[in-house]
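Let's take a friendly walk through a protein model.

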Amino acid sequence: MANQDRSFHILLTGANGFVASHILSILLDRGYAVTATVRSKEKAADIIKTHPSWEGKVQFVIVADFTAAKPFDELFINANAPFTHIIHTASPLNFGVKDIQKEMIEPAVRGTTEILKSAHHYGGLTLKRFVLLGSAVSVLNSFEDITREGRPYTEKDWNPVTAEEAIARKDTVLGYNVSKTRAESAAWEFMKTESPGFDLTVINPDIIIGPMIHPISGPKSINETNHFAIASFIDGTHQQIEGVAFPFYHFVDVRDVARSHVDALTNPSASGQRILLISGLISPQLVVNIIRKNFPTLRAKVPEGNPSQVLPPGVHPTGWDMRLSLDILSKGTREQSWKYIDLETSVTDTVRSMIEAKVI
Ligand SMILES: NC(=O)c1ccc[n+]([C@@H]2O[C@H](COP(=O)([O-])OP(=O)(O)OC[C@H]3O[C@@H](n4cnc5c(N)ncnc54)[C@H](OP(=O)(O)O)[C@@H]3O)[C@@H](O)[C@H]2O)c1
C-alpha cells in the first residue's frame, strides 16, 4: 500500500529493534519520510547492511542515552523538516539486568517523558500524533491468581505493580512490568497536564513473536521474547516441557504489531486510546507441538512434552475483552476489518527466519 505522501515525516525511535525494524519496513513501504533514532552509528550501519534497499530512504540520528539531559531536543531543533508523527518504541527489554531501577525503570520512563517534552516544545503545529509502543503488562495484574481465570482485562485496567515490589524481589520480569506501566502512565499524565498540540495513542501488545528482520549476528541477536518463547525449545535450553512457565500466556505476531502502529498514525478512532493487541493463547506445549509438526528435521532437538496438555497444570490465564480495541484496529485498515496472524503461522514463520539466519 504505497502512499507516497512525503508530507508525512515520521520520527521512529529504537529503529534497530525487533519490533521497530518491522515498523520501519512498513513506513518505507508506504512512502513516508522517516527519521529514525539508534544508539550508535554502527547500529545505523547494521540496519543498512541488513536492508541495502533502505539506503538513502531513512535518515538516522543518534540518541545514545535517554537518561542524559534533554536527550531529544537537538533532534527536533536540527530536523530537516518538521515531524508530523512520532512512533516511540525504544525501551529496555532485557531481563538480564542487574539494577532494575537504573537499567529498566529509569530509561523507560525518562525515554518517554523526555521525548514528549521535546515534542511539546519543538514539535510545532505540524506534529499531529504520538504513538507509544506500550505493553499488555501495563494492563494486566502481575499478581493475578494464575490458578483461576479472572474477569477479562479491558483497556481500563492498570497493573498495580510497584518498583519497590520488583526491586525487593529482585524480579526483572516484574521490573519490566513496572517500567512499562510507569512509562505509559507518565505519558497519559503528561497529556493531561501539558495539553500539547498532538494527541496520544498507546498500543499494548502481549508477548510478541514473529520473523526477525532486525540486524542479526549470531544466536545472541535473537530478541528476548523470540528466544524464551521459541528458540529456547530448540537450542537445548529446555530438555523437557514439564516445569517450564511463561510470564504470560497470550501472544501477538510482530507483523500485526508493526501494522497496528502505522495504521494508528492516520486512524481518527485511535486518538487518545489504549489499544490492546492480543492474537490468542501461547504456551510452551503449544509452541513445541507446532515446531514438531512443521519441522520434522528439528524434532529430535525439541522436547515432546504432553501434546494434549496445552497449558501447564494449574494454569488458567485470565482472558482479554478485545471488543473496543478490535473496533479501533478495524477502522484503521483500508478493508475496515482487522485479522490477527494465528499462532501456527507465527511460530512456523519465526522458526523459518531463525533457520535462514542460521541462529538455531
Ligand atoms: N517483545 C515483546 O514481547 C514486547 C511486548 C510488548 C511490548 N514490547 C515493547 O516493544 C518495544 C520494543 O521491543 P522489542 O521486542 O523490539 O525489543 P528490542 O529488540 O530489544 O528493541 C528495543 C529497542 O530499544 C532500544 N533501547 C533499549 N534500551 C534503551 C535505552 N536505555 N536507551 C535507548 N534505547 C534503548 C534498543 O536499542 P539497542 O539495540 O541499542 O539496545 C532497541 O532499539 C519495547 O518498548 C518493549 O517494551 C515488547
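## Before we start

What you see is a predicted model, in which local features need pLDDT of at least 70, side-chain atom pairs count only at pLDDT 80 or more, and totals for chains, interfaces and linings use all residues. Residues are numbered from 1 along each chain as its sequence is written.

## The whole protein

The protein holds 11 helices and 10 strands. Here helices (H or I, at least four residues) and strands (E, at least two) are DSSP runs, numbered from the N terminus. The radius of gyration is 20 Å, close to the 21 Å that the globule rule gives for 360 residues, so the protein is as compact as a globular protein of that length. That radius is taken over C-alpha atoms, and the globule rule is 2.2 Å times the number of residues to the power 0.38. Along the principal axes, the C-alpha trace spans about 60 × 45 × 45 Å.

Of the 360 residues, 45% are buried. A residue is buried if 20 or more other C-beta atoms lie within 10 Å of its own, exposed if 12 or fewer, and partly exposed in between, with C-beta atoms placed from the backbone. Two residues are in contact if their C-beta atoms, placed from the backbone, lie within 7 Å. Among contacts between residues at least 6 apart in sequence, 78% join residues at least 24 apart.

## The annotated span

An unreviewed UniProt entry carries the annotation "domain: NAD-dependent epimerase/dehydratase" for residues 10-272. UniProt positions are given in the numbering used here, feature names are shortened, and annotations may be inferred rather than shown by experiment. In the model, residues 10-272 are 37% helix and 14% strand, and the end C-alpha atoms of this span lie 19 Å apart.

## Two helix pairs

Find helix α4 (residues 100-122) and helix α6 (residues 172-194): their axes come within 9 Å and cross at roughly 20°. Axes are lines fitted to C-alpha atoms, for helices over the stretch in contact, and angles run from 0 to 180 degrees between N-to-C directions. α4 and α6 are therefore roughly parallel to each other. Angles under 35 degrees count as roughly parallel, over 145 as roughly antiparallel, 65 to 115 as roughly perpendicular and the rest as oblique. The crossing of α4 and α6 is right-handed; a crossing is left-handed if the near helix is turned anticlockwise from the far one by less than a right angle, and right-handed if clockwise. Residues of α4 including I100, A108 and L116 meet residues of α6, among them Y176, A183 and F190.

Now look at helix α1 (residues 18-29) and helix α8 (residues 254-266), whose axes come within 8 Å and cross at roughly 55°. That makes α1 oblique to α8. The contact is made by residues including F18, H22 and I26 of α1 and V254, A258 and H261 of α8. This crossing of α1 and α8 is right-handed.

## An enclosed helix

How many of the 11 residues of helix α9 (residues 284-294) are buried? Eight are, so α9 is largely enclosed by the rest of the structure. The buried residues are P284, Q285, L286, V287, V288, N289, I290 and I291. Their cover includes α7 (224-229), β10 (280-281) and α11 (343-356).

α9 packs against α11 at an angle of about 65°, with their axes 10 Å apart. L286, V287, I290, I291 and N294 of α9 make the contact with L343, E344, V347, T348 and V351 of α11.

Leaving aside neighbours within four places in sequence, I207 is in contact with T225, A229, F248, H250, F251 and I282. G319, in the loop between α9 and α10 (323-331), counts as partly exposed, with 15 C-beta neighbours inside 10 Å. Not counting residues up to four places away in sequence, G319 touches E149 and P152.

Finish with Q336, in the loop between α10 and α11. Q336 is exposed, with 8 other C-beta atoms within 10 Å. Phi of Q336 is near 60°, a positive value in a residue other than glycine. K358, in the segment after α11, has a phi near 55°, also a positive value in a residue other than glycine. With 9 C-beta neighbours inside 10 Å, K358 counts as exposed.
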